[in-house]
Amino acid sequence: MSRSNKTNRTPKEEERDVSRRTSLWALAAAGVLALSGGVAACGGDDDDSGGSSGGGGGGSKPKVAVLLPDSKSSVRWETVDRPLLQKALETGGVDATITNAEGDKSTQQQQAEQAITNGAKVILLVNLDSGSGAAIAANAKSQGVKVIDYDRLTLDTDAQDYYVSFDNEEVGKLQGQGLVDCLGNKKGARIAELNGSPTDNNATLFKNGYDSVLDPLYKSGDLVKVDDQSVPDWDNQKALTIFEQILQKADNKVDGVLAANDGLGNAAISALKQRKLPQIPVTGQDATLEGIQNIVNGDQCMTVYKAIQKEADAAAGLAVSLAKGETPSVDTVPIDNGKHKVPSVLEKPVPVTKDNISQYFGNPDYPKKEDICAGKLKAKCDALGL
Ligand code: BGC
């Protein structure tokens, strides 16, 4: 289930594989729930006495729960974040339970409640939107459970303790500049923007970033914006339909696509291919196997690599300290979420184009060369010197 097991697959095979993984994870998540529910029902959990005492009672390890959002908006959550968080938390000496809400807010709510019932001292939350995230954080806080916003900031609540993510406006700037660089001097190039989910604060930050690069160029007439659409829940299928409509409306005259992540970029690429249109610069994010392969194949011009290992380690480090009742000693920056300044740790994103793909080989959160260059991409990898 790790990236290393992947070979060079077609997008269709990839999609089938993701949905197979999805149901496997759903089953696994249900199993974990059933199991932990059973333990609680037997009264075997002696570690849920309010949460402020720290340390696991009776020799048991303190518990940390991770709530992942889904497995379809990006492959990162299940293939990269889950194993890295699991490892980092276990290494830190806590008991980690990781569940995935598969895009369902009430499921995530229940997973949070279950985690608290089972004695979790800390919840690492990737929210599905700020409203549901704030409800989860408020409930946790009222029971003495600490909350760390993982990757996505929950707005308008004072109930979270920390936020760990990347500089997400910088992610957007890298995408905007990457697109401009890939377009070269194509004056008047027609751009379509395919934004992330309107309920994800990150999508707003990415857009602020890329629009800060693109808006002046639209103003000067160097670029022309032909469309600007958000994709609900980052849903790749919806992105395909939305992008088909964009092409239809624009009479196929699109010269570049600012796609907010690799999944959305791949949807745009699929729509272009269906219409047998030539390759144009398309951006992405997450440095997924599919995204990097699209770059090798010339279908995508760049992606943004976010070293998830660093993000997972930073979040796990905080979670372990809090779960053990200690005060974390990390440098934080204050980020205003509309209600209070959340102590935050922000890692640095970097751009990847065909020229620097090999720079990050060997990192545990980056695709492996064998996987990228397997099968029909071998010749193109050779040509790029990979
Ligand atoms: C994350 C991205 C991810 C997207 C869709 C964002 O909040 O920062 O890495 O691609 O959600 O899951």
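**A chat about the sheets and the ligand**

A: Happy to! Let's start with an open sheet built from three strands, which follow the order S7-S6-S8 with parallel pairing.

Q: Which strands are at the edges of that sheet?
A: Those are strand S7 (223-230) and strand S8 (256-259), each of which pairs on one side only. Ignoring direction, neighbouring strands here are turned by 20 degrees against each other on average.

Q: How many bridges are there between S6 and S8?
A: Four bridges link strand S6 (residues 189-195) with S8, in the parallel sense. To find one of them, look at Ile191, whose bridge partner in S8 is Gly256.

Q: And which helices lie across S6 and S8?
A: Helix H8 (residues 262-274) does, running at about 150 degrees to S8. Helix H6 (residues 201-220) lies across S6, S7 and S8, and its angle to S7 is about 160 degrees.

Q: Let me step back a bit. Is this an experimental or a predicted model?
A: This is a predicted model.

Q: Good to know. What does the secondary structure of the whole protein come to?
A: The protein has twelve helices and twelve strands. Of its 386 residues, 48% are buried.

Q: What does "pairing" involve, in general?
A: Strands of a sheet pair through backbone hydrogen bonds, and they can do so parallel or antiparallel.

Q: So do S10 and S11 run parallel or antiparallel?
A: Antiparallel: S10 is joined to strand S11 (residues 341-347) by four bridges. Val333, for instance, has Ser344 in S11 as its bridge partner.

Q: How is S5 connected to S4 and S11?
A: S5 runs parallel to S4, with three bridges between them. S5 is also parallel to S11, and there the bridges number four.

Q: Is S5 mostly covered or open?
A: Strand S5 (residues 162-166) is mostly covered, with five of its five residues buried. Tyr162, Val164 and Phe166 are buried on one side, while Tyr163 and Ser165 are buried on the other.

Q: New topic: which residues surround the ligand?
A: The ligand has twelve names to look for around it: Ser73, Ser74, Arg76, Asp151, Arg152, Gly196, Asp200, Asn202, Trp234, Asn261, Gln285 and Asp286.

Q: How do the residues of that shell divide into nonpolar, polar and charged?
A: One is nonpolar, six are polar and five are charged.

Q: Why does the ligand lie between the two domains?
A: It lies between them because both domain 1 (63-166 + 308-347) and domain 2 (168-306 + 351-383) give residues to the shell around the ligand.

Key: Residues numbered from 1 in each chain as written. Predicted model: local features only at pLDDT ≥ 70, side-chain atom pairs only at ≥ 80, totals over all residues. Helix = DSSP H or I, 4+ residues; strand = E, 2+ residues; numbered from the N terminus. Buried ≥ 20, exposed ≤ 12 C-beta atoms within 10 Å, placed from the backbone. Pairing = 2+ DSSP bridges. Near = placed C-beta within 6 Å. Nonpolar A, V, L, I, M, F, W, Y, C, P; charged D, E, K, R; others polar. Domains from an automatic or database assignment. Axes fitted to C-alpha atoms, helices over the stretch in contact; angles between N-to-C directions. Contact = placed C-beta atoms within 7 Å.
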